[in-house]
Structure formats: C-alpha cells, structure tokens
Amino acid sequence: MDIWITIGFTLIKMLVIIVIMFLSVAYLVYFERKISAWVQDRLGPNRVGWKGALQPFADVFKLVLKEDIVPDAANKPIHTIAPVIALFIAFSTYAVIPFGPSLEIFGYTVSLVVADVNIGILYVLALTSIGVYAITLAGWSSGSKYSLLGGIRSSAQMISYEVSMGFSVAGVLLLSESLRPIAIVETQGAWLWNAWIQPIGFITFLVSAFAETNRLPFDLPEAEPELVGGFHTEYSSLKFAAFFLAEYANMLIASALIVTLYFGGYNIPFIDINSIGLAPWLAVAAQVAAFVGKVVFMLFFFLWVRWTIPRFRYDQLMNLGWKVMFPLSLLNLLWVAALIMIFKM
Amino acid sequence: MSVKKRAKDLTLLERIYIPEIIKGLALTLKTMFRPKYTMEYPEEKFVPPPSYRGRPVLVLDENNEERCVACGLCSRVCPSLAIDIQASETEREKERYPERFEINMLRCIFCGLCEEVCPEEAIVMSKDYEMAFSNRENAIFGKDKLLVPVSQLKDRIEFLRSYK
C-alpha cells in the first residue's frame, strides 16, 4: 500500500514540475524578448494579450502551423531524433533538483524533489553531457555546412567547458561530502553559501554554465552572423520549437543548479526558518518561495548578461576555457581543500 | 574619441575582465529603466514638423475658392508625371481654374517640386502620410480628395514663405 502512495506522490510531483517548466519556459521566452527590448530602449512585444502576455502562446501556435521541412541531404532518422534528445535531456534533468524541504501531508513525509537520489549531481552532469549529442547530431545530420560547423563548435565548446564545470562542482562536493542535492543544500545553511566560501569556483561554474547552455557570450554553435542558424539552420516547425524550448529549459536547469550548489537552494538568506516558529506548511512555503526567487534572479541574470556582453571569437573561447577557467577551477579545488584542512581538522 | 587602447596597455583590473563586465551590466540595467522612445503608432500618431513633405494637396483659400489657376507648371515639372490637369475658364477674377486635377499617388515621389514651382501657392505638401489603397483606381486622387482648406496648411505655408 505504502509504495503506491509514494508512486502517487512522485507522479503528482512530476506533473507539477513539467507543467511549471513548460509555463516558465514560455514566459522565459517572453521575458527574453521584453528584456532585450528594454535594454535597447524599446517596448518589446505588447500586442497579444495584456502587455503581450499571450505572445509565447502565439509564437508556439505559429510554429505548429509551419511546414516541417527536412532537407534531401539530411539523414532523416537522426535529423528527427536530435530534437527529441534535446527535449528529453532538458526536461529530465530537473528531476533531482530540490525545490523545497520535506513536507508532511496526511502523515506522510514528502520531500519536495522528484527523485531524491544520492548521486543526483552525477546524474545532472551525465545528462548534460548527453545533451551535447543532441546538438552535434542535429548539426551533422542536417546535411548542411552551416549546421555541421555549428555542431562541431558546440561539441568542442561543451567538452572544454565541462571539464572546468566538473572541477568547480568538485569543490562543492568536497565541502558537503555528498552527491545528494538535498545534502548539499542542507550543509550550506542560512548564510554559509558556497558562492561566498569559494567565489572562484562560483565564477568558473557560472561561466561554464553559460557555455553549456549556449547562452550569449558563448553562443558560437548558433552564431547568427556567421552560421545562419547554426545547428538548427535546417530545422523548422515543431522540431525547431523543440530545440528552442530545450535551450530555455536548459537555462532554467542551469539556474536551478547554480542556486542549489552555490546559493543555498531553498534556504532563506540570513534567517533560520525553524527557529522563528512559523506553522510548518508556512515555513515550507516560505522556503519554496525563497528557492523560486533565487532561480528567477538567476534567470534574469542569464538574460541580462545575454543582452550586455558580445560574443567571443572562437579562439578566445577556447583560450578562456583551457587556459583560464580550467586552471582557476583547479585553484579553487586547492582553496577548498585548504579550507577543509584548516577548519575541519 | 579617446585614443584606442591596445591589449598591452590594459591594466591588470581591465585584464581580469570581470570589473568591466560589471560596468557593462550596470549600464544595461540603467538602460532597462529609462523611458522608451517607441511611439505606439496606430494609437499614438506622429505629428510631422512643418518641413515634412507628405501628400500634395490643393489649397482652398479663405473664401472657399481654389487658388489653382491651372497654369500647368506643376504637371510640367513633375518628374514622375503624376499630375494631370484639364484647364477651363471661369467668370471669376482669376479667369482660369482646373476642371480636372488628378494626382496619381502611385507615381508621386513626394519630391515637392510641384509645390516649389507653383506661382499661386496653390499646391503644397501636407502632413498627411497615411495613404493606403486597395486598388489602383483608388490611388488616383481627384479634386474631391485634393482640396484642403488653407486653415489646415498654415504652418507649411509659413515654412515655405520663410525658407523657400
């Protein structure tokens, strides 16, 4: 009997997460357009619905109505499967990221994370590595030179930045002594966040996250002036929509991951929630709100940076990845090790 | 413009790049909250300055009479042959008036030469810029559409008198 209740709760959590993800991705596209407009002294979309609030749905509706074109030179099965991989990775990675502490419902303890696995961080790293395949395969199977160049750039970029990303995460893992996201959040507590303890690691992780999600200072795989559309040049209709959604969903995951690893997840800054004596459900709600607030800020930061910093040249990107970010993440590892030696011995 | 900086001239702080990124972020954040310059067109219409050359119109003077004497100069000077005049005689002091005055708005290039050449100040460029037609016949404007009372064209005529 108990197992069915657990499965039921998990299914409900999955449903809620997927619905929230779709909605937030839709509005992320809307706010991307709005913020790009505001940065450039424009107004942005404001025709569909109140202040253009229905714009994302109009965009998706337009994409659904478009003809699905597959080039003759394309490898059709792979061309079809690439956006599916992208979407699958984008929506399954979120499963291990906690958005709140555990909650008591009808006598059952429910932790507010879809899958509380003890190798959660490893799972995220593994899945984001598979995400490279989506872009590489899309670029290769399209049978177009622009797409191929985009795909090659993307694989080189993602592999280079994954190294420093992994080493930055290692610093966090050393401190929390666990791969479980909830344990990482709990060890950070109300104010001892990893972003303050290991600022170098935080910066290398942040930069790598930008590179992994193909966001602007590092969006070489789809550099419009050089590569037309990059890896998705030959995609149209819903396949293009899949890549588009996956890109924004990846941004959401990257933000949630940064919040979990470096900003204390659902911990409310400077307040120990259990000592105030709120009603338990109110405390949980406040913590979920804190998590959402931090993620929203990170998402805004992603958009903000995109409309501020110009794109790197390809050699600059590789130089930064291997000659700056990689040594810095190693340095951070040493720093964390030294901290542990001094304070925990 | 300041002297161009080369990579070797950068200070250490500029080389680290992060302070410069923060400067850029501060600038874009400031821009985000500035008032916007966009004019939301169909709701809010642009009112052009007097120097604007919109749709050419014929002037109706204070007595509700057309000023045009059908001399044909505008039709002559028009580089795109957009103006077509049929002159006729009248009992009034001016003796002549255009029986038919047509401007083909598909041909008109808004150069303003007709206005410049007119000895009677009878054809001037208005501020009207909304001229969409659904077929070619509608694009030929006859006297019914061209005649505009002088009171609506005051500032353009004033502009012409001071700068022509």
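**Entry 1: strand β1 of chain B**

I began with strand β1 (residues 56-60) of chain B, where 5 of the 5 residues are buried, so the strand is largely enclosed by the rest of the structure. I call a residue buried if 20 or more other C-beta atoms lie within 10 Å of its own, with C-beta atoms placed from the backbone. Strands here are DSSP runs of E with at least two residues, helices are runs of H or I with at least four, and both are numbered from the N terminus.

A note on the source: this is a predicted model, in which local features need pLDDT of at least 70 and side-chain atom pairs count only at pLDDT 80 or more, while totals for chains, interfaces and linings use all residues. Residues are numbered from 1 along each chain as its sequence is written, and chains are lettered from A and ligands numbered from 1 in the order in which they are written.

I then looked up the partners of β1(B), taking two strands as paired if DSSP finds at least two bridges between them. Strand β4 (residues 123-125) of chain B runs antiparallel to β1(B) and is joined to it by 3 bridges; Val57(B) stands opposite Val124(B) there. With strand β6 (residues 147-149) of chain B the pairing is parallel, over 3 bridges, and Leu58(B) faces Leu147(B).

**Entry 2: the open sheet of chain B**

I found 3 strands in an open antiparallel sheet, in the order β2-β3-β5 (chain B). β2 (83-89) and β5 (140-141) of chain B are at the edges with a single partner strand each, so one side of each has no neighbour in the sheet. β2(B) pairs with strand β3 (residues 96-104) of chain B over 7 bridges. In that pairing Gln86(B) stands opposite Arg100(B).

**Entry 3: where chain A meets chain B**

I counted 11 residues of chain A in contact with 11 residues of chain B, contact being C-beta atoms, placed from the backbone, within 7 Å. On the chain A side, α1 (2-39) and α12 (280-306) are the elements that give two or more residues. α1(A) supplies the largest share, 3 residues. By class that side has 8 nonpolar, 1 polar and 2 charged residues. I count Ala, Val, Leu, Ile, Met, Phe, Trp, Tyr, Cys and Pro as nonpolar, Asp, Glu, Lys and Arg as charged, and the others, Gly among them, as polar.

Next I checked α1(A) against helix α2 (residues 18-32) of chain B: the axes come within 7 Å and cross at roughly 95 degrees. That makes the two helices, α1(A) and α2(B), roughly perpendicular, a label for angles of 65 to 115 degrees. Ile35(A), Trp38(A) and Val39(A) meet Thr28(B), Thr31(B) and Met32(B).

**Entry 4: α3 and α4 of chain A**

Helix α3 (residues 76-92) and helix α4 (residues 120-141) of chain A have axes that come within 8 Å and cross at roughly 155 degrees. They are therefore roughly antiparallel, the term for angles over 145 degrees. Their contact includes Ile85(A) and Ile89(A) of α3(A) and Leu127(A) and Ile130(A) of α4(A). It holds 12 nonpolar, 4 polar and no charged residues.

**Entry 5: Ser147(A)**

I looked up Ser147(A) in helix α5 (residues 145-176) of chain A. Ser147(A) is buried, with 29 other C-beta atoms within 10 Å. Ser147(A) lies 84 residues from Phe231(A) in sequence, yet their C-alpha atoms are 4.1 Å apart. Leaving out residues up to four places away in sequence, Ser147(A) touches Ala138(A), Gly139(A), Ser142(A), Phe231(A), Thr233(A) and Glu234(A).

Note on methods
Contact = placed C-beta atoms within 7 Å. Axes fitted to C-alpha atoms, helices over the stretch in contact; angles between N-to-C directions. Parallel < 35°, antiparallel > 145°, perpendicular 65-115°, else oblique. Buried ≥ 20, exposed ≤ 12 C-beta atoms within 10 Å, placed from the backbone.
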